[in-house]
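User: I'd like to learn how to read helix packing and chain contacts in a model like this one. Could you walk me through it?

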Amino acid sequence: MSSTVISHGAAHHDAHDHHQETFLTKYIFSQDHKMIAKQFLITGIVMAVFAMVLSILFRIQLAWPDTDFPILEVFLGKWAEGGRMKPEFFLSLVTIHGTMMVFFVLTAGLSGTFSNLLIPYQLGARDMASPLMNMLSYWFFFTACVIMVASFFVESGPASAGWTIYPPLSSVPTSIPGSGLGMTLWLVSMTLFIASQVLGGVNYISTVLNMRTKGMDLWKMPLTIWAFFLTAIVGLLSFPVLVSAVVLLFFDRSVGTSFYLSDLVVQGEILPNEGGSPILFQHLFWFLGHPEVYIVVMPALGLTSEIISTNSRKPIFGYHAMVYSLVGITVLSFIVWGHHMFVTGMNPFLGGVFMITTLIIAVPSAVKAFNYIATLWRGNIRFTPAMMFAIGMVSFFVSGGLTGLYLGNAALDINLHDTYFVVAHFHLVMGSASIFGMLAGVYHWYPKMFGRMMDTKLGYLHFWLTFIGAYLVFFPMHFMGIDGVPRRYYTFTAFPFMDKWISVNLLITWAAIVAGLAQVAFLWNFFASIWKGKKATQNPWNSNTLEWTTPVEHIHGNWPGEIPTVYRWPYDYSKPGHDTDFIPQTVPFSETMSSNLPHDFEGNEEAIRIQEEWNKANNREVKEG
Amino acid sequence: MKFKINNRFRAVLGCLLAVGLLFSTPSFAFQQDSLAQDTAVSAASDTVEEGQADTAATATTADTTGTAEGGEATAATATSKSSSSSAMAVDEGPQIDPQVYKNMTYYILLFLILCTVVAVVGKVLSIYELTRKMNGRYNPFANNTFQAVLMVIFLVAFLGFVYYGYAVWGDWAWRSAVTEHGERIDTMFIITTVIITIVLVLVHILLLTFPYIYRMRKGTKAYYYPHNDTIEKIWTIVPAIVLTVLVLFGFFTWRSITNVPEELQKSAIQVEVLGEQFQWQVRYPGADGVIGKRNYKLTTPMNSYGIDFNDKHAWDDIQASDIVIPVNKSVRFHIISKDIIHSFYIPDFRVQINAVPGMTNYFQFTPTMTTEDMREKMDDPKYDFIMLCNKICGSGHYNMQKKVIVVTEEEYKEWLSTQNKYFTEDLQKEFATANAEDSKELTTASLN
């Protein structure tokens, strides 16, 4: 049925016998895209658990601000003397939680994993354009993670100026202890991380542009690849700007320059810096920072598109519109960063302009959400855990995205800026949505990564606890924000008007703890299934894309024989007239005469003529739809 | 199949582990406790050392050690004198109650038991499925339907939750603005809320009922429907139109708030607010109506504000402990910062602007209700408008506040007349001597 014959017997692939694989080259310094993807994923999961534990710690502080937890002292030592967390450490927790989640989990863990895994697989390439750069990309990332975690072990504590590290707070160590060595480590870690992203991004873009297999033109690429491709472009153009911001900040801190500093009297000491502007940093930071949220969410959207289509047994609705909306988001993401700065003292007219561009970006996002729903309509929906997470992703994307209409509106943002409303908004739209996209991807492509299936029952348990937990955690926060409760407050006890939120804080913390424990179901499922899971078949989800034509056992070069040729788009699910409800991309139209539509031939008159003759001979009538 | 057998083993193993832990808990806790005692001893010895001013080097190492091991190492190097005295100081030093470890162990145990229960339930379900299969009554789509039903139940719960949120938490959170521009913001807020609530509810109804209606069952097939340009155009253009309306509305509101005509800027009451770690300072211009110059380089312990008294406008500047403003009068706030970025945020007024070192930000508004009236309206005799810091600024960020009191104009004038000036007699003396010494230098500095 497939034009490329896959034969497990023919696994003798002499061309690559000269590769002497040792443990070191196979598992550690691997240059194979599949292994690097697994490395990214597992590192990402470890970082996610770490960052999640940090969030539980500060949630405990927020729920029980007046209670001592002596056990905290056992783990945190001087940061929680007597079982009461210190305010500086609370700020460190929120800072590192944000940094790790945004950069290490949702950027590297998501893009790194699935770009590496799926770009060569779904394009029909043997590997990435540059396997060496790919390996370096991972090791830069790994080093960045180690340095970030190491900052917990320096005496003055980890960085604590918020994940946005606005100077002067981040550049003057006397203003907060975390801006000492901890901040330096943060900057070093981030520089390495950006190097990793640039190496990865260059690789993804060149692979997509140059290494597509025969027949795989751009409009036959799965939406996952479109998403990774555009994400890599956004990353490549915006991350270097963060490097410049970080390096200038490094100079301000360590060399005595004044790029961001002026007119400072910190703790009674007049600082010599003159002429800089903290606003400059904010511009540089958000020039990356805003595209970054699309770097985080676009791969999740790509994965979700693929999963929803496969499990609805129905083509994704409006493939072209989906691609164009991704392109629209890519372009617009570069001209909206100012909406993070409406109340910073940036020229108010400029704020008005940014507001217009910001609300325009909601249009392509809305199109995507509606197209997902249209894909579900009259589908034949199969609830794999991956599908559940994909539906959850769309739900979060919608409920978090809608509140963007308040925050993108400069006038409304006056009252909501930096409150819990913002926390709720981005945790839903980019935090939960992306994590759900990532988890959907893990459940869906796990058989491809490890050759085994995950347990579905634990998958459902994991989904429901996390889905409900995430809504219980983030939905009430909107109302705290409307009331004017600022984020990053160590405790709510200093203001009488916040008293009423103590009960809600308890609810949020308990929901967070339950959702956090639910992740144990995932971790158990993930790691135990590597060895004990049910053996996967070659194409467990009856999917059309090329990765499911590779053998279950990973081999160097992906396909044992020739690389497959592509004849059709990846979404021919439930095509009328065909005997199965999926037609892989490798099946030529000559083998599916009973289901071909005139539209399929893209104006190839010879093919249309042959098809019409066949139709006449077989009494088939075709309605052009 | 192999996986399922392992499942049983896991359940049994979990039980064994749980029981084992139950028995080992006391000894485990005791062990931990003795470790904690060690830590306590060494920590105590550190404090004693410092108190007795032993060798400076030892004290420094003692300072830097945070972990138990480090502490023990220091204890080993300590002199016999200090260690003997430390034994007496044990009770005073920080000590972790063994109960803490016991509690922790119980919680872990509880979780393990929960995991075991989950494993057992999973096992029971597998057995149930297996018997159904053996009886030939197994429906491969049963789970599919079950999950679809859960989706619908979730939908109902979600809509109920949203309603509860709006009705209860929304009620807690919502207080109408008490400024002129704030009322316009509120109108826009409510319009936006209506729009997004409709979209949120509709989208979720579709998103969560479609999976139920179109779930995979025996013999069902999906409808091949790759695109429909008309529908796609509609749901591109409709959001675009709605957004255009919101954008225009928002843009003009935003401009009207931030783009105040110059004559109104001048006729308003001027107040300067300076943020510093972790307090706010308020300066009124005094009788001349002009706020004097500030030069951060002139900051001294006495003149912590850094006011430049070479500028005669500064001489009558008034220091206030609270922000007091008259009702129905336009007030123009000049927001500056002494050290790092803070944010001047008054939720009730719908006012926020950052305090950025090196530049002045402005926010002009007109309050429409006095504190007294607000207290009456809220039925809370202690209610106050509050200005709080809304940009992360360090350990005291969570408690950086200033009371804002809105009064009638007479009360405002009366209050203003009772406030002290910044240019106190001490400062005048300091200024006079400094001026005599190097007046030239100061003048150039103030020009900067």
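User: At what angle do the axes of helix H16 and helix H17 of chain A cross?

Analyst: Axes are lines fitted to C-alpha atoms, for helices over the stretch in contact, with angles from 0 to 180 degrees between N-to-C directions. Helices (H or I, at least four residues) and strands (E, at least two) are DSSP runs, numbered from the N terminus. In this predicted model, H16(A), residues 456-483, and H17(A), residues 502-532, have axes that come within 8 Å and cross at roughly 155 degrees. The two helices are therefore roughly antiparallel (under 35 degrees is roughly parallel, over 145 roughly antiparallel, 65 to 115 roughly perpendicular, the rest oblique).

User: Which residues of H16(A) and H17(A) make the contact?

Analyst: Two residues are in contact if their C-beta atoms, placed from the backbone, lie within 7 Å. Among them are A:Leu465, A:Gly469 and A:Val473 of H16(A), and A:Ala511, A:Ala518 and A:Phe522 of H17(A). By class, the contact has 19 nonpolar, five polar and no charged residues (Ala, Val, Leu, Ile, Met, Phe, Trp, Tyr, Cys and Pro count as nonpolar, Asp, Glu, Lys and Arg as charged, and the others, Gly among them, as polar).

User: How do H8(A) and H15(A) pack?

Analyst: H8(A), residues 278-312, and H15(A), residues 420-450, pack at an angle of about 40 degrees, with axes 8 Å apart. That makes H8(A) oblique to H15(A). The contact includes A:Val293, A:Pro299 and A:Ile307 of H8(A), with A:Met430, A:Gly437 and A:His444 of H15(A). It divides into twelve nonpolar, five polar and no charged residues.

User: Now the two chains: how many residues of chain B are in contact with chain A?

Analyst: Here, 101 residues of chain B touch 111 residues of chain A. On the side of chain B, H8(B) gives the largest share, 15 residues. That side of chain B has 58 nonpolar, 32 polar and eleven charged residues.

User: What is the secondary structure of chain B?

Analyst: Chain B has twelve helices and eleven strands. Of its 448 residues, 31% count as buried (20 or more other C-beta atoms within 10 Å of the residue's own; 12 or fewer is exposed, in between partly exposed; C-beta atoms are placed from the backbone).

User: What is the mean pLDDT of chain A?

Analyst: pLDDT is the predictor's confidence in each residue, from 0 to 100. Chain A has a mean of 91, and 96% of its residues reach 70 or more. Over residues 1-17 of chain A, however, the pLDDT is below 50.

How values were computed:
Residues numbered from 1 in each chain as written. Chains lettered and ligands numbered in written order. Predicted model: local features only at pLDDT ≥ 70, side-chain atom pairs only at ≥ 80, totals over all residues.
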